[in-house]
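Dear colleague,

Please find below the structure for your attention. My notes on it follow directly after.

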Amino acid sequence: ASISSGLRQAWERGEFELYYQPQVRLSDAAIVGAEALIRWNHPQQGVVAPGAFLCTLEQSLLAIPVSEWILGEACRQAAEWRRACPGFRIGVNLFAVQFKTGDLLDVVGLALDRSGLAPEGLELEITENTILGNEARITSVLDGLRSMGVGIAFDDYGTGYASLTMLKDFPVSRLKIDRSFVSGPGCGARDVAIVDAISRLAATFDLEVIAEGIETAEQHALMRPFCAEGQGYLFGKPMPADAFTAALAAGD
Ligand code: G
Ligand code: G
Ligand code: MN
Ligand code: NA
């Protein structure tokens with residue numbers, strides 16, 4: 001009860017903030033996009049990462065208003081960055097509950113209209129957990145989003161048990177290769193072989209790929225032949241909007 005009443009208070013007091021992690025082109029490490037990641041500016045504990053509260057949030061009545069705020073705020077911010085950086089794209093993680101309310105297409109459409117962000121500038125991230133158990137209906141919603149021009153990325157790709165089936169059936173436009181294959185413990189030749197296989201599969205299905213969790217120059221070099229884009233601490237940790245604006249202007 002204390003976490004969820006704390007979350008309600010946080011929402012009412014405007015303590016949620018979006019951080020942005022750079023997504024770069026691996027050939028030259030130029031920033032080409034960002035993933036929006038929620039943080040809670042807790043009055044006593046400081047910046048709280050989502051691991052501590054996302055589950056509770058998702059199960060509460062706040063999930064809908066907060067997720068709509070995330071979409072609106074991320075689109076507003078991305079529209080600004082896209083003016084400075086043509087082709088810029090923002091990644092926004094979806095909650096499973098957003099597919100249950102039945103109006104995701106309207107919510108996304110409204111966020112795009114209000115912000116003036118081109119649909120191509122938005123990429124919604126889903127995981128297998130987001131989809132599980134509701135495949136047919138979610139497929140039709142994803143079809144609708146793709147028709148609008150919005151991108152759909154499969155997050156944490158390669159770790160779930162049903163990955164290949166989902167690749168065949170879901171209208172995704174990009175795979176985000178899970179960081180366990182990129183910077184996981186003991187990551188080596190066998191992981192690179194998996195990334196190679198995923199990227200070939202992706203090419204067959206006409207999908208883009210991005211490598212997550214790139215932490216070292218060596219991992220960057222390993223991923224470069226297989227992935228056009230990458231994300232990870234090497235290029236930047238999730239940061240507040242003003243820091244991201246500065247990074248974008250500095251051209252790094
Ligand atoms: O830095 P990181 O701790 O930001 O994120 C941890 C997890 O929380 C990730 O799995 C990420 O997908 C999830 N997450 C972060 N921000 C959001 C958000 O805005 N919406 C949703 N649905 N998930 C998020
Ligand atoms: O699950 P999802 O991929 O949406 O969430 C991204 C998560 O990965 C966030 O918690 C983010 O802080 C974290 N992250 C981003 N880059 C790196 C990285 O290079 N290494 C590690 N260990 N985590 C990362
Ligand atoms: Mn993600
Ligand atoms: Na991920």
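In which sense, parallel or antiparallel, do β6 and strand β7 (residues 174-177) pair, and over how many bridges? They pair in the parallel sense, over three bridges; two strands are taken to pair if DSSP finds at least two bridges between them. Helices (H or I, at least four residues) and strands (E, at least two) are DSSP runs, numbered from the N terminus.

Please note that this is a predicted model, in which local features need pLDDT of at least 70 and side-chain atom pairs count only at pLDDT 80 or more, while totals for chains, interfaces and linings use all residues. Residues are numbered from 1 along each chain as its sequence is written, and chains are lettered from A and ligands numbered from 1 in the order in which they are written.

Strand β6 (residues 151-157) also runs parallel to strand β5 (residues 122-126), to which four bridges join it. E123 has G151 of β6 as its bridge partner, and F154 has L175 of β7.

Helix α3 (residues 63-84) has 22 residues, which should span 32 Å at 1.5 Å a residue; its end C-alpha atoms are 32 Å apart, so the two agree. The expected span is 1.5 Å times one less than the number of residues. Buried residues of α3 include A63, S67, I70, L71 and A74.

Turning to the ligands, the residues around ligand 1 (C-beta atom within 6 Å of it, placed from the backbone) include A36, I70, L94 and P238. Strand β2 (residues 31-42) gives the most to this shell, with three residues. Around ligand 2 there are 14 residues, of which D155, G213, E215, G232 and Y233 come nearest.

Yours sincerely

Terms used:
A residue is buried if 20 or more other C-beta atoms lie within 10 Å of its own, exposed if 12 or fewer, and partly exposed in between; C-beta atoms are placed from the backbone.
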